[in-house]
Structure formats: C-alpha cells, structure tokens
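Subject: Handover of a structure, with notes

Dear colleague,

Please find below the structure that I am passing on to you. My notes on its arrangement follow directly after it.

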Amino acid sequence: MADLSTTIHNIKLRNPVLTASGTFGYGIEFDDFFDINKLGGIVVKGTTIFPRQGNSYPRMAETASGMLNAVGLQNGGAPYFESDIYPKLIKYETNILVNVSGSTIEEYIACAEIINELEHIAGIELNISCPNVKEGGMAFGTSCPSITAVVSAVRAVYKKTMIVKLSPNVTDIGELAKAAESAGADSISLINTLLGMAINAETRKPVLSTVTGGLSGPAIKPIALRMVWEVAKAVKIPIVGMGGIMNATDAIEFFLAGASAIQVGTANFIDPLISLKIIDGIDAYLNRHNFNTISELVGCLQM
Amino acid sequence: MQMRKTVQNLKVITNLRLNDDHHLLELKVPDRLETIHPGQFANLLVDHSGVFLRRPFSIYSVDYENNTIYVLIKVIGEGTRSLAATAVDGFISTIFPLGGGFTLPPAKERVLLVGGGSGVASMMSLAQVLSADLNDVSILLGARSKNDLIELDHFSRYGTLYTTTEDGTHGVKGYVTNHPIFREEIDQFSRIYCCGPEPMMIAVASKAKMESVFCEVSLENTMACGFGVCLCCITETIQGHKCVCTDGPVFNTNQLKWQI
C-alpha cells in the first residue's frame, strides 16, 4: 500500500479523491452504495444564500462521451443547509466542503459567513464558474478584476480553507488562477463545465430549456488536463483537478499535470462506486511504478 | 423490508422478443431479493461506445422464488437496441431498485390501470400486486395498432382487460380515453393508475379529476443518475421542482402542475 494521504492547505485528506459538487448530492444519497468515509472528501452541491428553484425541464442532454446540464444551482439556500442538512453530515468522518455560489458579491459573503460557523465543514469551494445562472456564477470567474473582488471579499469573512473553482470558458486560465491566488485563495479547483449546446434536428429546437448548458464527462478531459497543467505553472497553491475523470488512469494523468487532488464528477452518475475504484486504481498504479506516496507523482510529467 | 438501492452485475437468464421492438429481459439477482414496489425502476448500463448514460426502465415484474427481476425494453435508439440484443448469460450492470412506488389501496377496492407504450411495464407489476391483494382490477391498454399491444394474455391473468388501438385493429378504436369505460364507469373506480406517453397521462388525469377519482401517474423524464444527485429529471409540482427519480417516479396528479 502506497501512502495516498495528501493535504490541500489545512485539509488533511486520507486519499486524493473527492467527489465533485453537483454530482454527489449531500453524500447521504450514496449511503446505500458505500461508506463515503473512504473518500478523501466530498464537495456538496452548490449552495446560495437564498433558495433557488433552478432552471426548467429539460435540464440535461446526453452528448458524445458526455452530457450537458442546465440545473441552475437548485438548492434550498444556506440557512436550510445549516438547519436541515448539516446535522445529517456530522456523522461523517470524511472531509466535507461546501460549494458556495451567488448572484452578487454580497450573496457570496452572506453564504460564506453561514458556512464559516459550521465546525464540521472543512472548507468551501467558491464557485465562480457556474455557466447555468443568469446572474453571477461564471460572470465572476471570467475576468481578473471580478475574481479579485469576489475572492478577496469572501476571504475577509471565511477563515478556513477556501478553494476557488475556475471556469474553463476563458482565454488565459493561468492569469485568472494567479488573480485568485493573489486575492487569498488557498487552492484552485478546475475545471467547471464548458459552455455548450444541443439541438434537436427533428423539432428544430434547442434540447435544453436554457438553450445552452455545461458540458461534462470524458469529452472535456483533454481541455481539463491542459488547463490544470497551465495553472500548475502559474500558481504555487495546490490544485484540485477535475473534468471527465472516469477511471484511475484519468486521475493519474491529472496528478502528472500538476493536481494534488482530484474530483470525480459525472462518472458518479454512471457508477456510484467509481470513486472507490479510482482510489484502489491509484494505489495499484503507485505500487506498480514504485512510488511511495501520491505527492511524489504530482507534477511529475516527463517532458 | 424495502430493498436498499444497489449496483450489481445481473446475469441475463432469458431474453424474450415480444414483437418487433419489445424485449423482455429476466435478470438474476445474486443477493436475496427484498420487497420491490410496483413503480420502482432500474437503471441499466449500456455496453455500447456511443451511449454514455444509463437507461432507466420500470421493473416489469419480480420473481421472488427465482430471485429474478424482469425489465421491458422498447427499442428506441442505440442504447435500447444494444440492451435488447444482450445474449442470455451476458451481464448487465444494474442500479436498482430506484424511486418510490404506487400508493396501494389500504383495503380491497375497484381500481383501473391504464397503460400505453412502454408505460405498460409498471402496470404489469402493479396489476400483479393489486390482484394478489384481491382488489377488483381493470386494465386498459392503448396502442397505435394491434401489433403494438404486448403481453395481453399475461395481463388478463391479473384483471379484466380492455384495449384501444388508434387504427381500430384491436379493441375500441381511438385513444384510451375514448374507451367507454371513461364515459360509463369511471366514477365506479376508487383509484386510477396510469403510465404511458405524457399526453395520454394528462388526458387520463383530466378524466379522473372531473370525477374526483384518485389518480397516480408514473413519469419518465430524462435523467443522468436515477438516485437524486444530478437534479436533471425535475418536474413542476405545487411544492416546486421535484426529482422524478427520487420524489417520484409516481406522482399523484393533484401534485403536478398539469393544465387539467
């Protein structure tokens, strides 16, 4: 057994595998399937200060090697999370992070303030990259000044580990990552979904109610790898890589590109047990290649 | 005891071709089956490179003696074509049982089951359970044409069977709601259960509402996961968006925001 443990800022992970926001519910939904304490951590779904109904149906379109979604941050709001969900999460020993989103900087701050009071939440993932909301979301994550504004504002109120989740729908991801780092991010996670679209040729209508949506799944992995590699060269803080990871080999590729940990997203929909298989597969890889620790592999790309 | 949801590789025991586009698969469950409720569904992995997501199917029938479940596959696209072609002794990764079931009558009642298209699948498991509980079961199946009606002999074992076809080749000509049962006897039923294409369910729900008869429908929205985390399969209810996979797939039509 290799040592799979790692750290993201102050968060100690028993292994580098987390589950991505919006693909793992609150973790509770997986209790029937497996003991989620075996994970490095989970990122619970996008939480905003006010409840959100999300977008209308249809919200999903299957694509070649992936899917588009347009959920639109449906959630009960941070006060609901605190009163109704958080008490159910205290039983878990794994790291629980909350993905925090908003339409305005004030909403991000208000949400982060509530989460800051929750002892059992290890950190937040600041979502400035959701492509499926009309206001806020990705709009904050696509320019350096707006990243600086929202990240520094939340930094001022959130005391524990703050990961900033970046959008791939940008020209120079490295510059944006630097802006987040300078504004106080403890870690960068990437990538969120790519803006895409599906059309039904028979009806001559868009498939999604919102016309456009976020593309995820193996179709986006090459883009995600390239962006993790670029960000790894641009910042010193640890990177959490994601985008189309379907198996342990995919995860290894992200470590080689410079990620210290990874998140499994869309693959959870197809195989609820996939993150456990990925943990086992990473261990097998490290043993096969004579690595003692996962950290030795990070950024180990041979050029 | 209600069965926990699980993901398992199930062996195909039989693969029966019912007609041009319907196959009935019998899948062996390795662990001992616990109670699966009519209306619950299974999400099947498709072994085909062009298909990314699982495909959800109502559980058609459960054989507790042989520890098998049946799923009815209607061939629509690549995914269903591939599943329907699975050879006997092949394996299909299956997540089940998912969702909740129909609300069963507390005592013996006169009930009407209305099924159309692949929606007949959940009506089969429901008819079996209702019939075993000694309810007075009527089953009305609608289809385009005679050849699209499946398993009629099987259905007739569990209740009085009626049919409609759009071309009049079997039973009453027209849609299910054109059947005289909706004109003459609808208020005689204490409950109506329905699964089929949405326009059919809306039409049936409308008839039920006019006579103030309890009506439950099983919805089939596109979904990515089937267990309540992708939030893609939502339907509009009087309590806001609800997931078809976990809050349904069965809904009382009073809860839905259908214009009926």
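Domain bounds, as used in these notes, come from an automatic or database domain assignment. For chain B, that assignment gives domain 1 (6-98) and domain 2 (110-218).

Two remarks on conventions are needed before going further. This is a predicted model, in which local features need pLDDT of at least 70 and side-chain atom pairs count only at pLDDT 80 or more, while totals for chains, interfaces and linings use all residues. Residues are numbered from 1 along each chain as its sequence is written, and chains are lettered from A and ligands numbered from 1 in the order in which they are written.

The two domains of chain B

The centres of domain 1 and domain 2 of chain B, taken over C-alpha atoms, are separated by 24 Å. Contact here requires that the C-beta atoms of two residues, placed from the backbone, lie within 7 Å. By that criterion, 13 residues of domain 1 of chain B are in contact with 12 residues of domain 2 of chain B. On the domain 1 side, β1, β4 and β5 of chain B are the elements that give two or more residues; the largest share, 6 residues, comes from β4(B). Helices (H or I, at least four residues) and strands (E, at least two) are DSSP runs, numbered from the N terminus. The residues on this side of domain 1 divide into 7 nonpolar, 5 polar and 1 charged. In this count, Ala, Val, Leu, Ile, Met, Phe, Trp, Tyr, Cys and Pro are nonpolar, Asp, Glu, Lys and Arg are charged, and the others, Gly among them, are polar.

Strands are taken to pair if DSSP finds at least two bridges between them. In chain B, 6 strands make a closed barrel in the order β1-β2-β5-β4-β3-β6, with antiparallel pairing. From one strand to the next, the twist averages 45°. Opposite A42(B) stands F57(B) in β4(B). Helix α2 (residues 120-132) of chain B lies across β4 and β5 (68-74) of chain B, and runs at about 25° to β4(B). For such angles, axes are lines fitted to C-alpha atoms, for helices over the stretch in contact, and the angles run from 0 to 180 degrees between N-to-C directions.

Chain B also has an open sheet of 7 strands, in the order β10-β9-β8-β7-β11-β12-β15, with mixed pairing. Its edge strands are β10 (172-173) and β15 (250-252) of chain B, each of which pairs on one side only. Strand β8 (residues 136-143) of chain B runs parallel to strand β9 (residues 160-165) of chain B, and 6 bridges join them; L140(B) stands opposite Y162(B) in β9(B). Next, β9(B) and β10(B) run parallel and are joined by 2 bridges, with T165(B) opposite K173(B) in β10(B). Strand β12 (residues 214-218) of chain B pairs with β15(B) in the antiparallel sense over 3 bridges, and E216(B) has N252(B) in β15(B) as its bridge partner.

The contact between the chains

How many residues does each chain bring to the contact? Chain B gives 23 residues and chain A gives 26 residues. On the chain B side, the elements that give two or more residues are β1 (6-19), β13 (234-237) and β14 (240-243) of chain B. The residues of that side comprise 13 nonpolar, 7 polar and 3 charged. Of these elements, β13(B) and β14(B) form a hairpin with 2 residues between them. They pair in the antiparallel sense over 4 bridges, and I234(B) has C243(B) in β14(B) as its bridge partner.

Helix packing in chain A

The axes of helix α5 (residues 221-234) and helix α6 (residues 248-257) of chain A come within 8 Å and cross at roughly 25°. α5(A) is therefore roughly parallel to α6(A), given that angles under 35 degrees count as roughly parallel, over 145 as roughly antiparallel, 65 to 115 as roughly perpendicular and the rest as oblique. The residues of the contact of α5(A) with α6(A) divide into 6 nonpolar, no polar and 3 charged.

α6(A) also packs with helix α8 (residues 274-288) of chain A, at an angle of about 65° and with the axes 8 Å apart. A248(A), A251(A) and I252(A) of α6(A) make this contact with I278(A), G281(A), I282(A) and Y285(A) of α8(A).

With kind regards
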